[in-house]
Amino acid sequence: MRKRSLIPEELQARAAKVKLLIMDVDGVLTDGRIFIRDNGEEIKSFHTLDGHGLKMLHAAGVRTAIITGRDAPSVAVRVQQLGINYYFKGISDKLAAYGELLAQAGVAEDECAYIGDDVVDLPVMLRCGLSAAVPEAHWLVCKHAGYITQSGAGCGAVRELCELIMQAQGTLAAALESYVK
């Protein structure tokens, strides 16, 4: 993960408003590969950089949510470990889940950020205040993303977005400084 340079003014304005970060799982929090054991159990790999970024974001007062099309027990475990505030699993209509999430969280669309990687993420990405994609995302997703991470899917992309939001909100420097005291 590279040190963040100056954030463009429009991106900073959008990130400064974020109260809720919404994420897809496969291809965002993971590298998109799904390992299936002989007994049918799915295995996913999550990066600790993303996990700590989410914990820092929570400490800065930003809530988090997952909207995913799959229903994998490993994701439920990770949601619990990280204290993700809202978890929508097995979702075929992400836009409907998004509407429900907005009502539950009591936030406006411009107060939401969404990071995705595939065309099923676009209906939400096109409506939220800050849309982001991983570099491996489908070309149409990249075309409509307000920000494309430098870090790859499952390799710190979510951490990068967390830090971008925190930088725009003026909470990143203090959070990082606490580790070098």
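User: Why does Asp121 count as buried?
Analyst: This is a predicted model, and in it Asp121 has a relative accessibility of 0%. Buried means under 20%, so Asp121 counts as buried.

User: What makes Lys94 and Asp121 a salt bridge?
Analyst: Their side chains meet at 2.7 Å, N to O.

User: What does the salt bridge between Glu111 and Lys19 tie together?
Analyst: First the distance: the closest N and O atoms of Glu111 and Lys19 are 2.9 Å apart. Glu111 lies in the loop between helix H4 and S6, and Lys19 in the loop between helix H1 and strand S1, so the bridge ties together parts that are 92 residues apart in sequence.

User: Buried or exposed: how do you class Glu111, and what about Lys19?
Analyst: Glu111 comes in at 18%, so it counts as buried. Lys19 has 43% relative accessibility, so it counts as partly exposed; that class runs between 20% and 50%.

User: Which class do Glu41 and Arg37 get?
Analyst: Both are partly exposed: Glu41 has 39% relative accessibility and Arg37 has 47%. Their side chains meet in a salt bridge at 3.4 Å, N to O, and the 4 Å limit is why that passes.

User: How many salt bridges are there by this rule?
Analyst: The count is 13. There is also a network of them, linking Asp26, Glu42, Lys44 and Arg70.

User: Why is Thr64 called buried, and what does its side chain join?
Analyst: Its relative accessibility is 0%, so Thr64 counts as buried. Thr64 lies in strand S4, and its side chain joins that of His58 in a polar contact of 2.6 Å.

User: What makes S6 and S7 a strand pair?
Analyst: Four bridges join S6 to S7, and the two run parallel. At least two bridges are needed, so they pair. Ile115 stands opposite Ala132 in S7.

User: Which way do the residues of S7 point?
Analyst: Leu130 and Ala132 point one way, Ser131 and Ala133 the other, and all are buried. In a regular strand, side chains alternate between the two faces of the sheet.

Notes
Residues are numbered from 1 along each chain as its sequence is written. This is a predicted model: local features need pLDDT of at least 70, side-chain atom pairs count only at pLDDT 80 or more; totals for chains, interfaces and linings use all residues. Side-chain values use heavy atoms; hydrogens and water are left out. Buried means under 20% relative accessible area, exposed over 50%, partly exposed in between (1.4 Å probe, protein chains only). A polar contact is a pair of N or O atoms within 3.5 Å; within protein, one must be able to donate a hydrogen and the other to accept it, and residues adjacent in sequence count only if both atoms are side-chain atoms.
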